[in-house]
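Please keep the sequence and the model in view while reading.

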Amino acid sequence: MTSLQISSNTIFQALNLRRQFSPNLDRRVGLINGQRPVTACLSLDVEAQPFTASKSGSVKSKEVIETEAKVVVGTYARTPVVLASGKGCKLFDTEGREYLDLSSGIAVNALGHGDEDWLKAVVEQANTLTHVSNVYYSIPQVELAKQLVGSSFADRVFFTNSGTEANEAAIKFARKFQRHNHPDAKEPATNFISFTNSFHGRTMGALALTSKEHYRSPFEPVMPGVTFAEYGNIVATRELIQPGKTAAVFVEPIQGEGGIYSATKEFLQFLRTACDEAGALLVFDEVQCGLGRTGYLWAHEAFGVFPDIMTLAKPLAGGLPIGAALVTERVASAIAFGDHGSTFAGAPLVCSAALAVLNKISNSSFLNSVSTKGLYFKRILNQKLGGNPHVREIRGFGLILGVELDVPASPLVDACRNAGLLVLTAGKGNVVRLVPPLIISEQELDKAAEILCQALPVLDGKNSN
């Protein structure tokens, strides 16, 4: 609770000023003889105190962390670092410490920090037109949709603001598709198949498709009708995909949050065939693994299997909030005006940013460089870490890699951060997730591998310095 003293003269002055523009104000607010009696004392502290700068002019991290704990809902167990700026693959905290970023804002900053073409596109569009809603047409949205369609299996795009919203759209589209295709069915297919170690988002529908129980249990009952099958298990999945029951199958070609597990071509091809036979839709969630991270523009291209719907988000607008559900014409034909919508989605600003990202990432030489660097990084990780008894496996491809340990990964992640390297965890907390900006150099990958190697003794409880 805060304190603000407002005199009656201040109130009267404000009301007199408004009265010049609103002649009916006296009647609306109940003024008596042009003045309203003050019957209460306001006690509000509206003057926020600025953060204290250090001698170097930077804000103190401790103060920011303490203030955040007082004013932000406590949903995040944040790393105790206050990041202030970034350039390329480097980040800097408020005290000026430098970090090599192999987290990319959780696989978002594919072009790193401060990419010149991205920045130019954002500034120019911000100076032109930022938001108009989907009541009207806007050029950047149509151009982005055109390019996404032209570079994928899809015929149409629905824009959202995040990955979980893209998956919510896919859920709705799948159910509407079943109703549209079976108008006489008393109970059209409404159920979904998802998989172990899956992560599809935190809104109620996407949450229901997410396998980790601790994400779902505080909010149950979530959306009913979801069955989880073992990821990659064809035999177990075959009997679950049922005609007239299964609306869609949701699968990540490469699981990110789940621990960097890759599907096989055989498994994805089986899902394609089984969905076709059952009249179900196949949905590929490429929110984390898509848009160049594997060295292919779309992760599923590596397997030669194509979905009915693909969901995208993280890197698409280079750090601005965007998501998308890409669909075939067969799916789109089931969707009518008013079936779904969004106020902010597909706004000119974010779509201009996304065009800058897509134009770079979709270039064949750029994708080839991601593949080359991914192979290089995996090789040096195996050389430097592979012999450690705590390292079970180094997996993934392109620049989405995971180092699975036989112990929790948090001590290693903390030791890396203290040495100037930012990495993430995944899976059951025992996987180090490596998702650097796609522009990272081999020299920076060398440095990252060396820091990881030097930090490994912390897993034995030894001093890693």
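Arg 395 is located in strand E13; helices (H or I, at least four residues) and strands (E, at least two) are DSSP runs, numbered from the N terminus. The model is a predicted one, in which local features need pLDDT of at least 70 and side-chain atom pairs count only at pLDDT 80 or more, while totals for chains, interfaces and linings use all residues. Residues are numbered from 1 along each chain as its sequence is written, and side-chain values use heavy atoms, with hydrogens and water left out.

Is Arg 395 buried or exposed? Arg 395 counts as buried because its relative accessibility is 7%; buried means under 20% relative accessible area, exposed over 50%, and partly exposed in between, with a 1.4 Å probe and protein chains only. The side chain of Arg 395 forms a polar contact of 2.8 Å with the side chain of Glu 393, and another of 2.5 Å with the side chain of Glu 404. A polar contact is a pair of N or O atoms within 3.5 Å; within protein, one must be able to donate a hydrogen and the other to accept it, and residues adjacent in sequence count only if both atoms are side-chain atoms. Leaving aside neighbours within four places in sequence, Arg 395 is in contact with several residues, including Gly 259, Tyr 261, Lys 378, Glu 404 and Val 431. Here contact means heavy atoms within 4.5 Å.

Strand E13, which covers residues 391-397, also contains Arg 392. Arg 392 counts as exposed because its relative accessibility is 55%. Not counting residues up to four places away in sequence, Arg 392 touches Glu 404, Leu 405, Asp 406 and Asn 430. Arg 392 and Glu 404 are 12 residues apart in sequence, and their C-alpha atoms are 5.4 Å apart in space.

The chain as a whole may now be considered. The protein chain has 16 helices and 17 strands. Of its 465 residues, 47% are buried. Among contacts with a separation of 6 or more, 70% are between residues 24 or more positions apart. The chain exposes about 23200 Å², of which carbon and sulfur atoms supply 54%; accessible areas come from the Shrake-Rupley method with a 1.4 Å probe, and for residues only the protein chains shown count as cover.

The next topic is the backbone. Most residues other than glycine have a negative phi, and most peptide bonds are trans. The peptide bond from Glu 220 to Pro 221 is cis, with omega near 5°. Pro 221 belongs to the loop between helix H9 (213-216) and strand E6 (226-229). Ile 106, in helix H4 (residues 104-107), has a positive phi near 60°. Ile 106 counts as partly exposed because its relative accessibility is 40%. For Asn 197, phi is also positive, near 65°. Asn 197 lies in the loop between strand E5 (191-195) and helix H8 (204-208), and is partly exposed, with a relative accessible area of 27%.

On a 1 Å grid over the protein atoms alone, a cavity is a set of points where a 1.4 Å probe fits but cannot get out, and a pocket is an open set with protein on both sides within 12 Å along at least five of seven lines; lining residues have an atom within 4 Å of a point. Grid points are joined across faces, edges and corners, and a volume is the space filled by probe spheres set on the points.

The second largest pocket has a volume of about 980 Å³. It is lined by 27 residues, and the closest to its centre are Gln 141, Arg 156, Val 157, Phe 158 and Phe 337. Helix H6 (139-150), strand E4 (156-160) and strand E12 (323-327) each supply at least two residues of this lining. The lining of this pocket divides into 17 nonpolar, 8 polar and 2 charged residues. In this division Ala, Val, Leu, Ile, Met, Phe, Trp, Tyr, Cys and Pro count as nonpolar, Asp, Glu, Lys and Arg as charged, and the others, Gly among them, as polar.

How many cavities of 30 Å³ or more are there? The count is 1. The largest cavity has a volume of about 50 Å³, and among its 13 lining residues Ser 133, Asn 134, Ala 345, Gly 346 and Ala 347 lie nearest its centre. The lining of the largest cavity has 6 nonpolar, 7 polar and no charged residues.
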